[in-house]
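Please have the structure open as I speak.

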Amino acid sequence: MKEQLLQIKADAEAKLAAVDGDAALEQVRIEFLGKKGALTAVLRGMGKLTAEERPVIGQLANEIRAAIEEEIAEKKEALKTAALEKRLLEETIDVTAPGTTFPVGRRHPLDQVEQTLCDIFRSMGFTIAEGPEVEYDTYNFQKLNIPENHPARDTQDTFYITDKVLLRSQTSPVQVRVMEKQRPPIRIISPGRVYRSDAVDATHSPMFHQLEGLVVDKGITMGDLKGMLETFARQMFGDSTKLRFRPHHFPFTEPSAEVDVSCFVCGGKGCRVCKNEGWIEILGAGMVHPNVLRGCDIDPEEYSGFAFGMGIERIVMIKYAIDDMRNLYENDLRFLSQF
Amino acid sequence: MNLSINWLNDFVSTKDIKLQDYCDRMTDTGSKVEGYEVLGGDIENVVVGRIVSIVPHPDSDHMVICQLDFEDGNEPTQIVTGAQNVFEGALVPVAKAPAKLPGGVTIKAGKLRGVESNGMLCSISELGLTTHDVPYAIEDGILILQEDCKVGDDIRDVLCLNDAAVEFEITSNRPDCLSVIGLARETAVSFGRPWTLPTPVVTEAGGSIADYLSVDVEDGNLCRRYAARVVRNVKIAPSPKWMRARLRAAGVRPINNIVDITNYVMLEYGQPMHAFDYAMLDGSHIIVRNAAEGENFRSLDDQDHILDAATLVIADEKKAVALAGVMGGANSEIKDSTVTVVFESANFDGATVRIGAKKQGMRTESSGRFEKGLDPENCMPALERACELVTLLGAGEVVSGCIDVYKGKKAPATIPLEPAKINHFLGTDLAPDYMERILTDLGCTVADGKVTAPSWRADLESMNDIAEEVIRIYGYNKIESTPFSGAVTAGSLTPRQAYKERLQSLLLGMGLYQANTFSFVSPRNIDKIGLPADASERNSVVISNPLGEDTSVMRTTLIPGLLDVLSHNNAYGTQSAMIYELGHVYLPHESADELPDEPLMLALGFYNAGDFYTLKGMVDAILTDAGLSRIRYASCKTNPTFHPGRCAEVFVRGNMKIATLGQIHPTVAANYGFNQPVYVAYIPFEELFAVASFKKQYKALPKYPAVTRDFAFVCQRALEVGTIEEVIRKAAGKLIEKVELFDIYTGDKIDADKKSVAYRLTFRSPDHTLTDEEVTKACDKILAALQKQLGIGVRG
C-alpha cells in the first residue's frame with residue numbers, strides 16, 4: 001500500500017505540473033482528493049491492514065494528502081499570478097501619448113519679482129505699507145523736501161488731477177504717510193504703481209512699479225544702509241553680488257547714492273546686459289533728510305534713518321533679458337506663459 | 001554739461017590722468033560722467049599740404065590732378081580731386097593714404113579714371129565740421145586753410161580738434177558744477193591737486209557808464225543782483241579759432257564774437273549772460289520789473305508772447321527787452337551792425353524764472369540754470385571776464401565803470417562742524433582735520449568749530465550736507481558695511497495682505513493667468529461695455545494733462561481692461577485664455593481735491609475654456625475658500641454688460657451682493673472682436689475680505705451612517721433649480737446633510753415646456769443611526785412643501 005500511496009503522490013505531482021487553468025486544477029483535485037478520488041480509494045483498503053501497519057500507513061496517507069493539498073494551493077496561486085500578469089500586459093498603454101491638459105495659471109512676471117522682493121525684505125523684518133496712488137502734491141513733493149517750483153520736479157513729469165492732487169510719481173510719499181502715523185522703530189517697504197508723463201516706448205511707460213524702503217531708529221548709520229542693501233542684493237542676485245555706491249542727489253535723502261550691483265549675468269566681467277561695464281544701476285538710496293523727519297514730527301537729533309527705492313520693471317527686464325517694456329502691459333499669454 | 005579737457009586744463013592740470021580714470025574718479029566723488037568723446041579721435045593722417053600744380057584729368061572734364069607738397073624732402077604726392085575751388089599755392093587739409101576720417105571713412109591709394117590718386121583733399125564736412133566751426137570755409141569745396149599753420153602740420157592741431165569732451169550729468173542741487181570752474185574745483189579736490197582761478201582784468205577805455213545807463217530793480221527778492229557794463233565801438237566778427245573750438249567741444253554753436261563771449265562766460269563761470277544792442281533802447285534807463293498783465297513781447301527766436309504779472313522782464317522806458325533769465329527780445333538782438341553793447345550779468349530768483357519760462361513754454365540753457373538757484377556773488381567776476389574777453393578779442397572798447405545793483409545779498413550759511421556726530425552718522429572714523437581739509441578745499445571756511453558754506457553752495461544747510469561732502473570725497477565705497485541692530489520687528493503680513501496672497505494662489509491653481517493693465521483708460525471704455533449714460537462708472541478721476549484720450553481717466557471698473565486682454569489674446573490666435581486681474585479702481589468723491597477711494601477689485605474671465613457653470617464653479621471655489629456658506633445666486637437680467645439670460649448676482653449673508661458673473665452680452669463681446677462667448681466674473685475684493693472668515697474649528701467626523709434618497713421632480717422649464725433647492729432645505733429639518741442636483745432632463749420623454757430635475761438627498765443624525773421611518777418622514781415633508789409651494793411633484 002505504501003507503494004500505492006507514493007505512486008499516487010507522484011502521479012498527482014505529474015498531473016499538477018501539466019495543469020494550465022483553474023478548471024484543470026479542480027479536475028486534478030477531484031481525481032486525487034475527491035470522495036471518489038485515488039487517495040480515498042486507497043484509504044478504503046486500510047481495513048485489510050494489520051494493527052501495526054495501520055497507523056504507519058495512515059500517517060503516510062495523511063502526509064501525502066497534505067502535500068497534494070499544498071501543491072494544489074501553490075498551483076492555484078501561481079495560476080492567479082500568471083493570469084494577472086497576462087491581463088496587465090494586455091492593459092499596456094502608450095505612455096508617450098500626451099497627458100490630459102491641466103490648466104495651471106501663472107503670476108505676472110512683475111508680480112513674481114515684487115513678491116520675491118517682498119519676501120526678502122520681510123525676512124529682514126520689514127512690513128509692507130500701502131498708500132494711495134492718487135495722492136496729494138504735499139505728500140508726493142512738499143513733505144519730501146521738494147517745494148513748489150523746485151527743479152527736481154522736472155525729472156518727474158507728473159500727471160495732475162487738480163493743482164493739489166496728482167498721480168504719485170514715486171512710492172516715496174508712503175514714507176511720509178508711515179512716519180506721520182508710526183513712531184520709530186520703523187522698518188517698512190512699499191511696493192506699488194507710480195506714474196510719470198512719459199510716452200510708451202521700449203524703455204518707457206507712463207505707469208510703472210517701484211518698491212520703496214524706509215528704516216528709522218536711534219543710531220542708524222550709512223554703514224547700516226550699506227550692510228542692509230548688501231544682504232538684500234546677495235539674496236536677490238546671488239551670493240557673490242557686490243555693490244557700488246555713487247554719490248547722487250535726491251531731495252529727501254542726504255547723503256544720497258545711486259547703487260549699482262555687479263552684473264549677475266557676467267559676474268562683473270562685462271557683457272551685453274551690463275553694457276560692458278560690469279555694473280548694473282539698480283536702486284537709489286540715502287540717509288533720510290532731516291527736513292523730512294522734522295516734517296513728520298520725528299526729531300533728527302534723536303533718530304536717523306535710511307530710505308531706498310528701486311524700479312521693479314527694470315529688475316524684471318534685466319532678470320529675464322526683456323528688451324521691450326511694452327510686453328509687460330500687453331498681457332499676451334505667449335509672453336506671460338514664459339515666466 | 002560737456003566739459004572740454006583743454007579748457008579744464010586752464011585751471012587744473014589733468015594731462016597726466018588717463019581719461020577713463022578721470023571719469024571714474026569724478027563719478028565716485030559725485031560728478032557723474034555719462035561718457036566722453038575724444039574730439040578728432042577718428043581723424044588720422046590728415047595734414048596740411050600745399051598745392052604746387054594742377055592739371056586737367058585726361059579722361060574727365062570735372063576732375064583735376066593736383067601735386068601736393070609736404071616739404072618733407074619727398075617728391076610731391078599726386079591726388080585727384082573733383083573740387084572746383086582749388087588753386088596753385090593753396091594750403092589744404094590732405095588725407096594722405098592710408099588715412100581715417102570721421103564716420104569710419106578710410107582713405108586708400110587708388111586710381112580715379114585711370115589716374116593714380118594717393119589720398120584726398122578734404123572739405124569741412126569731411127572733417128566733421130560746419131561753417132560755424134570754420135566761418136571762412138565754403139560748404140561745397142575743399143577747405144582752403146586761412147589758419148596760422150605750416151605745411152605738414154596735423155590738421156587736428158591746426159583746427160583745435162585735439163581735445164576731449166566729457167559729458168557730465170550734474171544733479172539739480174549743484175548748478176555751480178554746470179561750469180568749467182566748478183568742475184575744475186571738483187577735479188582739484190577729487191585728485192588732491194592745486195588749481196588756480198585767475199581774477200579777470202578789465203581794460204577800461206574811458207568814458208563813463210553813467211552817461212549810458214542807469215538801472216532800477218523793483219523787487220530785490222526777484223532780482224537779487226543786476227550788474228552791467230557797456231562796450232562801445234563794437235566790431236562784430238567771428239570769434240577766434242580757440243574759442244570756437246571750446247564752444248564746439250561744449251556743444252554750443254559759435255555765432256559771432258559778442259554772442260560767443262556770453263556763451264563762453266556762461267560755460268566757464270556758470271553765470272548766464274545777456275548782451276543787447278544799446279542803440280535799440282528807448283532812453284538810457286533799464287528797469288527790472290514784473291510784466292504788465294497782457295504785455296506783448298517778441299523773443300529773439302521770433303516767437304510772440306503775451307506776458308502776465310508773474311513774469312519778470314528787463315525793460316527800457318517803453319518796452320520789455322528781455323524775459324529775465326530766459327531769453328532776450330528780438331527788438332534788442334545783437335546784429336552785424338551793432339556798435340554799442342550792454343552786457344548784463346544778473347541774478348534772478350529761480351522760482352520766478354521757472355514759472356516765467358514754463359508759462360511761455362520756453363526752457364533755455366539760461367532759465368535751466370537760473371531755476372536751480374545761482375550765486376549772486378558770481379555776477380561780477382563773470383561780467384569782468386566777459387569784458388576781459390572783449391578786449392582780448394578786439395571786439396570793442398569797454399566803457400569805464402560798471403553798474404551793480406545788489407539788493408539781495410544774503411549772509412552765508414553757517415553749520416556747526418561736529419566730527420564725532422558725522423562719524424557716528426556715517427559709520428566711519430575719519431580724523432577731524434581730514435574733514436576740515438576736504439571742506440576747505442571745497443571752498444568752505446572752517447573756523448571755531450563752524451563751517452561757513454561758500455556763496456556758490458546754497459545746498460549746504462545741515463550736518464547731513466556736511467557729512468555728504470566729506471564722504472563723497474573720502475569715498476562712499478570705503479564705508480564699512482554693518483548689520484543694523486535695534487528693536488526686533490516682525491516682517492509679517494496684515495490679514496488683508498495675507499488674504500490677497502491666498503486668493504491669488506487659488507486663482508492660479510484654477511488655471512488663471514494674472515494680468516496687469518494700465519490704471520488710466522479711455523473714458524469710452526464705459527460705452528464699450530454697454531453701460532448707460534447715467535452709469536456711476538462714468539464718474540471718474542480725470543487727469544488734467546493726459547498723454548492722450550486713451551489714458552485720460554482713472555479706471556472705475558476692471559472689466560474693460562480684462563476684456564481688452566482677452567481680446568488681444570484672441571486676436572493673436574491664442575486658442576483659449578483664462579485671465580484675472582486683481583487691481584485698484586479709483587472712485588472719486590464730490591470734490592476733485594479730495595483723494596478718491598481706491599478699492600481693490602477682482603475681475604476674472606475666459607473664452608473657449610468653459611461655460612457659465614465653469615465660471616460659477618470658480619466663483620463658488622473663491623467664496624467657499626473665503627469661508628463663506630449660504631451662497632445665493634440670483635439671475636440678473638438688467639446688467640447691460642452681460643447676456644440678460646446668462647448673468648447672475650451672488651449674495652452672501654442674506655442680501656449682501658458679493659459678485660456678478662455671466663456671459664458677456666454678445667453686443668459687448670462684438671465690441672472686443674469676439675464672436676464666441678466670453679465669460680466674466682467681477683468681485684469687490686474689499687467686500688469679500690470683509691466677510692471672509694478663516695476661523696476653523698474641528699467638527700467630529702460622523703459616527704453614524706448617512707441615508708440617501710433620490711427623487712426626480714417634474715416642473716416648468718423656467719423654474720430655477722435654486723428655488724427648488726431653497727424649498728427643499730427649508731422643509732427638510734435638521735437631518736438633511738446634503739442636497740445634490742444630479743440631473744436635469746428636457747426632451748421628448750417629457751412635455752416641451754417641462755423639465756425633470758433629479759436630486760440626491762443625504763440625511764444623517766449626529767447621535768444615532770437613522771431609521772427608515774425618520775427618513776421617510778423628512779422626505780414626505782419635503783415633497784409636501786414642493787407640492788404646496790411650487791406645485792411640483794415626483795416624476796411618475
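Let me begin with a definition: a residue is buried if 20 or more other C-beta atoms lie within 10 Å of its own, exposed if 12 or fewer, and partly exposed in between, the C-beta atoms being placed from the backbone. This is a predicted model, in which local features need pLDDT of at least 70 and side-chain atom pairs count only at pLDDT 80 or more, while totals for chains, interfaces and linings use all residues. Residues are numbered from 1 along each chain as its sequence is written, and chains are lettered from A and ligands numbered from 1 in the order in which they are written.

Val451(B) counts as buried because it has 25 C-beta neighbours inside 10 Å. Val451(B) belongs to strand β26 (residues 450-452) of chain B, where helices (H or I, at least four residues) and strands (E, at least two) are DSSP runs numbered from the N terminus. Beyond its neighbours within four places in sequence, Val451(B) is in contact with residues including Thr414(B), Leu439(B) and Ile466(B), contact meaning that the C-beta atoms of two residues, placed from the backbone, lie within 7 Å.

Staying in chain B, the buried residues of helix α7 (residues 350-359) are Gly350(B), Thr352(B), Val353(B), Arg354(B), Gly356(B) and Ala357(B). The elements that cover them include β18 (312-315), β19 (320-323), β21 (341-348) and α8 (365-370) of chain B, and just after α7(B), Gly361(B) takes a positive phi of about 60°.

Turning to chain A, helix α1 (residues 2-18) and helix α4 (residues 53-90) pack at an angle of about 0° with their axes 10 Å apart, where axes are lines fitted to C-alpha atoms, for helices over the stretch in contact, and angles run from 0 to 180 degrees between N-to-C directions. α1(A) and α4(A) are therefore roughly parallel to each other, a label given to angles under 35 degrees. By class, their contact has 11 nonpolar, no polar and 5 charged residues; Ala, Val, Leu, Ile, Met, Phe, Trp, Tyr, Cys and Pro count as nonpolar, Asp, Glu, Lys and Arg as charged, and the others, Gly among them, as polar.

Finally, how many residues does each chain bring to the contact between A and B? Chain A brings 68 residues and chain B 78 residues, and on the side of chain A, helix α8 (residues 222-237) gives the most, with 7 residues.

Notes
Angles under 35 degrees count as roughly parallel, over 145 as roughly antiparallel, 65 to 115 as roughly perpendicular and the rest as oblique.
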